[in-house]
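Here are some friendly notes to read with the model open beside you.

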Amino acid sequence: MTTPVITALLDGSTIQEIAEQAWSALVGEEEVLVPLPGELPAATLSSWVGIAGPWTGSVVLTCGTDTAEQLTRALLREHAPEELDAEDVSDALGELANVVGGNVKAVLPGPAALGLPEVGTPPAAGQPADTLRVDALWRGQPLSITVQGALGPPHTPASDIEEENEVPL
Amino acid sequence: MRALVIDDSRAMRRIVGGTLEGFGYETRQAGHGQEALDVLHEGWLPEVCTIDWNMPVMDGLQFVSTVRANPAWRAVTLVMVTSESEHGQIVRALAAGAHEYVIKPFTADALRDKFALLGLLPQEAAL
C-alpha cells in the first residue's frame, strides 16, 4: 500500500478555511484572505513546517518581503517594536506557518509529528499530484499556502510491507 | 500574580505575554522548556505557565511532566497553548498534568475565558 497523495486527503477549500481562521485570530478579526491569485513579487520570503506521518511533507507560506513585514506588524499589534528586525519578521512568518501547519496536520491521517517552523528557501516539492496550492490576497497583496509532499516517490511504510509479505494462516 | 510564557516564537511570547499583562499579570518569558525550568529553579514561581508544545531543547510535554514530578511546583497551573489540535494530543497533555488546553489560533477573549474558568483572572480583569 502506498501513501496517499495530498490531493486525495485535502482540498483547497479546507486549506483556505484553516488559513482564514488563523488570519482572523492572529492577524486581526477584520483581516480577510481573499481567495484570488496574484503575482508574487521577485523578493519573497517563505516559512514552513514539516509534517511526518502517514503523509509526509511540508506546509509552506510564501509572500513578498514587504507583505511579510506588514504581517509581522499586524500580528504583533501594540506589542510590535518600533523598528522590526529580520528576526522579528522570520519569527512571525514562522509562527503563521506553524499555526496553519498544525491545523492542516489535524485534518490529515495520524499519528503525525509537526516539525519546528523554518524560514528561508523551502524544501523542494514532490510530485505535482502531491502538491496543493492555495493563492490568496491579503490587503491586496498576494501570498500562497502550499501543502506539498516530500521529494521522492510515495513511500511504502515498513508495517505495510510486513503485512503484505505475511503468509496467510 | 505571575505568569511564565513558554514558546519558541518570540512573536507568540510577546502576544501571550502582552495579553496576560493586560489581565494584570507580571510575566517572564522562556524560549523552551529547559529555559523555563531554569526560571523555576531560580525560585521565580508563577501561578500559571502557558506552554507551547513544539519547541527545541525541551518540548512542552516534557516540561509539563517534569513540573508535575516536582512536589514543590504542585501549585503551578499549566496551560498548553499550541497548534497541536488533535484530540489524542489534548488527552496526552492533560494526562501528563496540564490543566487546560488552548488551541492556536486563539483570540485574547478565548484566553480570558480559559483563565476565568481556572479562576486565574484577577478580579479587575474579569470585569
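1. Let me start with chain A, whose elements run α-α-β-β-β-α-α-β-β-β-β-α from the N terminus on. That comes to five helices and seven strands, where helices (H or I, at least four residues) and strands (E, at least two) are DSSP runs numbered from the N terminus.

2. A word on conventions: this is a predicted model, in which local features need pLDDT of at least 70 and side-chain atom pairs count only at pLDDT 80 or more, while totals for chains, interfaces and linings use all residues. Residues are numbered from 1 along each chain as its sequence is written, chains are lettered from A and ligands numbered from 1 in the order in which they are written, and side-chain values use heavy atoms, with hydrogens and water left out.

3. Of the 169 residues in chain A, 44% are buried (under 20% relative accessible area, with exposed meaning over 50% and partly exposed in between; 1.4 Å probe, protein chains only). The accessible surface of this chain is about 8200 Å², and carbon and sulfur atoms account for 55% of that area (Shrake-Rupley method, 1.4 Å probe). Take the contacts in chain A between residues at least 6 apart in sequence: 71% of them join residues at least 24 apart (contact means heavy atoms within 4.5 Å).

4. Now please turn to chain B and its strand 3 (residues 48-51). B:Val48 and B:Thr50 point one way, B:Cys49 and B:Ile51 the other, and all are buried. Strand 3 of chain B pairs in the parallel sense with strand 1 (residues 2-6) of chain B over four bridges (pairing requires at least two DSSP bridges), and B:Leu4 stands opposite B:Cys49 there.

5. Strand 3 of chain B also pairs with strand 4 (residues 77-82) of chain B, in the parallel sense over four bridges; the bridge partner of B:Ile51 in strand 4 is B:Met80. Between these two strands the chain passes through helix 3 (residues 60-68) of chain B, and this β-α-β crossover is right-handed (clockwise from the first strand over the helix to the second, with the strands pointing away from the viewer).

6. Which residues of helix 2 (residues 33-42) of chain B are buried? They are B:Gly33, B:Ala36, B:Leu37, B:Val39 and B:Leu40. They lie on the same side of helix 2 of chain B because they cover an arc of only 155 degrees around the axis (taken from the directions from the helix axis to the C-beta atoms).

7. These buried residues of helix 2 of chain B pack against strand 1, strand 2 (26-30) and helix 3 of chain B. The face turned away from the buried side carries the exposed residues B:His41 and B:Glu42. After helix 2 of chain B comes B:Gly43, with a positive phi near 105 degrees.
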